Amino acid sequence: MNTITSKAGAQAAAGAGERISGARLKAIFIGSAGNLVEWFDFYCYSAFALYFASSFFPKQDPTAQMMSTAGIFALGFFVRPIGGILFGHIGDRLGRKTALMTSVLLMCFGSLLIACAPTYAAAGILSPCILLLARLLQGLSLGGEYGASATYLSEMADSKHRGFYSSFQYVTLIGGQLLALILLLVLQNFLLDAEQLRAWGWRIPFFTGACLALLALRMRHNLPETASFEAARKKAKPMGGMKQLAQHPREVLLVVGLTMGGTLAFYVYTTYMQKFLRLSVGLTDSQTTAVSAASLLFAMCLQPLYGALSDRIGRKPLLIGFALLGTLFTVPLLTGIRHASGPWQAFGLIACAWMIVSGYTSINALVKAELFPASIRATGVGVPYAFAVSVFGGTAEYLALWFKSVSLESGFYWYTTAVIACTLVVCWFMRDTGALSKIDAEARGQ
């Protein structure tokens, strides 16, 4: 393993034009695969919520059940800053690999807890409490996974293709949700009927996720550490911690400003869109799952294309493109989806939305990693992101359903537009991190 690490370190310093090594490619693949498993586990909750909501909240109407499950979904996000602090500390002090292994182990436990949770009929109020505990554990895990995986992939990629390879964080992030929806499609259409899914079939994805997490843990055990971390550790300077993060206030505010609009848009077109298509557009369960899966597959394909484009034209043009077009077209797009005449029209409009949102999702993790030095990078990427995503991403579904419950659904469209407009201001005045990357500066010894 030391040989692989040394080889990766030598290549990192060799220059932008050098081809990426096989060892580094393997590390990027394993890091991405583990990320996919983590997000599959997390998104199974959203994908199967329509089926298990009645098991934990049986005496409510469908919209109220969705609001209850969305509330727990949001609470899972509120602990992500704690996960960001905890795993950022681990990643900056003990290594990116250690943080990645610990986070996936915690996700495994959370998924297993949901899979085995008793229903409300069997355990009463204890049932939703166990569900909440499991989601809090998963929230802690994801709070650490984002910063650790973003840092690891950014540091492992070579300078010339960093946008392309780092985009695979969101390829696998979206892929995790797509995998959850594919499993739902298989169960819906080939193995179980709706009654069986509501009775016990919803437990299958959580058992599956726990097993996949153990597989990811085994794969991550063989990961090499990044050269950037090894070089920073040798300097014997303070590594990680909130005290060191406080020395970078401008970068912290940039991460929050970029994340607030981007993460809200992302969760509108991922976790909430499934409920939106079912409850507002009026598609059937199968149509909802098919449209959601097809749009996620389309989004996955866009990520590396946009990431590669950022290597050629810079990061800032893509971010401005997302924020400007998102400000102009969010209301028309969501209004159009709401009045879609069928699944094909809904898919076409969601695909248009993804062509906008991908300007953020493809490179946002890399942009944040390029802002911070290696000694504080995992904490710097993970903590402010986790705070912003807990406020704007975790509440997206709940707020959307609340606006719907008070017969003011379009109010959520305008709320989303306003938040993206704030991100536009941040994007407009920030510097292009591709040209001023801290990762490249460290590789040159600056």
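This report walks through a predicted model of one protein chain, from its overall make-up to a few single residues.

**Ground rules**

Because this is a predicted model, local features need pLDDT of at least 70 and side-chain atom pairs count only at pLDDT 80 or more, while totals for chains, interfaces and linings use all residues. Residues are numbered from 1 along each chain as its sequence is written, and side-chain values use heavy atoms, with hydrogens and water left out.

**The whole chain**

The protein chain has 24 helices and zero strands. Helices here are DSSP runs of H or I with at least four residues, strands are E runs of at least two, and both are numbered from the N terminus. Of the 446 residues, 60% are buried. Buried means under 20% relative accessible area, exposed means over 50%, and partly exposed lies in between, using a 1.4 Å probe and protein chains only. Take contacts, meaning heavy atoms within 4.5 Å, between residues at least 6 apart in sequence: 86% of them join residues at least 24 apart.

**Nonpolar cores**

In soluble globular proteins, nonpolar side chains tend to be buried together. A nonpolar core is a set of buried Ala, Val, Leu, Ile, Met, Phe, Trp, Tyr and Cys residues joined through side-chain atoms within 4.5 Å. In this model the largest such core has 106 residues, and F48, F52, Y269, L277, I337 and W354 touch the most other members. A second, separate core of 14 residues includes I28, L100, Y152 and L153.

Helix α5 (residues 80-93) packs against helix α6 (residues 96-115) at an angle of about 145 degrees, with axes 6 Å apart. The axes are lines fitted to C-alpha atoms over the stretch in contact, and angles run from 0 to 180 degrees between N-to-C directions. On the α5 side the contact uses F87, I90, G91 and D92, and on the α6 side R96, T98, A99, T102, S103 and L106.

Is R96 buried or exposed? R96 counts as buried because its relative accessibility is 0%. Leaving out residues up to four places away in sequence, its contacts include E155, E225 and R377.

| Residue | Location | Relative accessible area |
|---|---|---|
| R96 | helix α6 | 0% |
| T259 | helix α15 (residues 249-268) | 0% |
| L424 | helix α23 (residues 409-429) | 17% |
| S407 | loop between α22 and α23 | 69% |

**A closer look at the table**

A polar atom of the T259 side chain lies 2.6 Å from the backbone oxygen of V255. Apart from residues up to four places away in sequence, T259 touches L264, Y360, K368, Y385, A388 and V389.

How far apart in space are L424 and L258? Their C-alpha atoms are 8.2 Å apart, although 166 residues separate them in sequence. With residues up to four places away left out, L424 touches I320, A323, L324 and T327. Other residues of α23 are buried too, among them F412, Y413 and I420. The cover over the buried residues of α23 includes α15, α16 (271-281), α18 (316-338), α21 (377-393) and α22 (396-405).

Finally, S407 is exposed, because its relative accessible area is 69%. Its phi is near 60 degrees, a positive value in a residue other than glycine.

How values were computed:
A polar contact is a pair of N or O atoms within 3.5 Å; within protein, one must be able to donate a hydrogen and the other to accept it, and residues adjacent in sequence count only if both atoms are side-chain atoms.
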